[in-house]
Structures are given as C-alpha cells and as structure tokens.
Amino acid sequence: MNIEVSPLSIVLFAGILSAVGSLLWAAGRSLLNQYGDLLRDQLAEHRNESNLRHGQIVSRLDSMEVALDADTARIARLENVAETAPSHNDLAKVYESVNNLSATVNQLVGESRGQSDSLRLILNRITEKGMGK
C-alpha cells in the first residue's frame, strides 16, 4: 500500500493546521483578556473595600484616642484628689480626737451636775435655817 502525498495536500494541510492554530491562539488570547479584565475589576473592588475599611478603622482609632485622652485626664485628676484626701491614719487621729473631746465634755457635764447638786444642797440648807429662826 502506497500513499502518495502531493505537495498541494501538504500545503493545504499546513494551511488548515495554521488556521486552526491561529483560531486557538485568538480564542485563548480573548479568554486571557477577559480573565485579566475580571481580575482587574476584582482587584479594584478589593482595593476600594480595603480603603473604606481603612478609613473606618482610622476613624474608630481616632475616637478611641480622644476617649483615652479624656480618661487619662480624668485619672490624673482623681490621682491628685486621692493624694490630698485624708488617709486612714488621718481618720484615726480625727476619731481619737473626737473621743478625747467626748470624754472631756462628759467630764464637764458631770462636774456641772455635781456643782448644781451642791448648789441646791446649799440653797436648801440656807432656806431651812432661814425659816427656822
């Protein structure tokens, strides 16, 4: 069995093969361009979302920083007040002083009652002697 191949059939076969190759190349290039456009759009959307998220995070951090500054100032004021506030030792001294003052007042009240009782007794004696003349 002999197969004869004419030069014309080789040229036709090469032309058809070249045309099919060109079609495949064009189709592949078109698909790659579409895929590239899709990726470019997705990347742009991701960047926009990322920039929006970044702005939100910066805004939240700024508000937290303002709140932190306010809290820091408030804590500093409270620390100043705490430094000048009376301590437990100071309160113990006040309590001791009040107890001493209370004891002194009680002593004075007792002496005053004693003097009043003595004065009444003296006045009763004077009235008894004055009436008994």
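Accessible areas here come from the Shrake-Rupley method with a 1.4 Å probe. Keep that in mind as you look through these views of a predicted model.

View 1. Along its principal axes, the C-alpha trace spans about 185 × 35 × 25 Å.

**View 2. The surface of the chain.** The accessible surface comes to about 12500 Å², and carbon and sulfur atoms account for 62% of it. How many of the 133 residues count as buried? The share is 0%.

**View 3. Charged side chains.** Here you can look for 13 positive and 16 negative side chains, two sets whose centres lie 17 Å apart. Side chains of opposite charge can pair when their charged atoms come close. A search of the whole structure finds two salt bridges, and the next views visit them in turn.

**View 4. A salt bridge between aspartate 37 and arginine 40.** Their side chains meet at 2.6 Å, N to O. Both residues belong to helix 1 (residues 7-84), where being three residues apart separates them by about one helical turn. Aspartate 37 is partly exposed, at 35% relative accessible area, while arginine 40 counts as exposed at 53%.

**View 5. A salt bridge between arginine 120 and aspartate 117.** The closest N and O atoms are 3.1 Å apart. Is aspartate 117 buried or partly exposed? With a relative accessible area of 47%, aspartate 117 is partly exposed.

Technical notes. Residues are numbered from 1 along each chain as its sequence is written. This is a predicted model: local features need pLDDT of at least 70, side-chain atom pairs count only at pLDDT 80 or more; totals for chains, interfaces and linings use all residues. Side-chain values use heavy atoms; hydrogens and water are left out. Buried means under 20% relative accessible area, exposed over 50%, partly exposed in between (1.4 Å probe, protein chains only). Lys and Arg count as positive and Asp and Glu as negative; His and the chain ends are not counted. The place of a charge is taken as NZ of Lys, CZ of Arg, CG of Asp or CD of Glu. A salt bridge is a side-chain nitrogen of Lys or Arg within 4 Å of a carboxyl oxygen of Asp or Glu. Helices (H or I, at least four residues) and strands (E, at least two) are DSSP runs, numbered from the N terminus.
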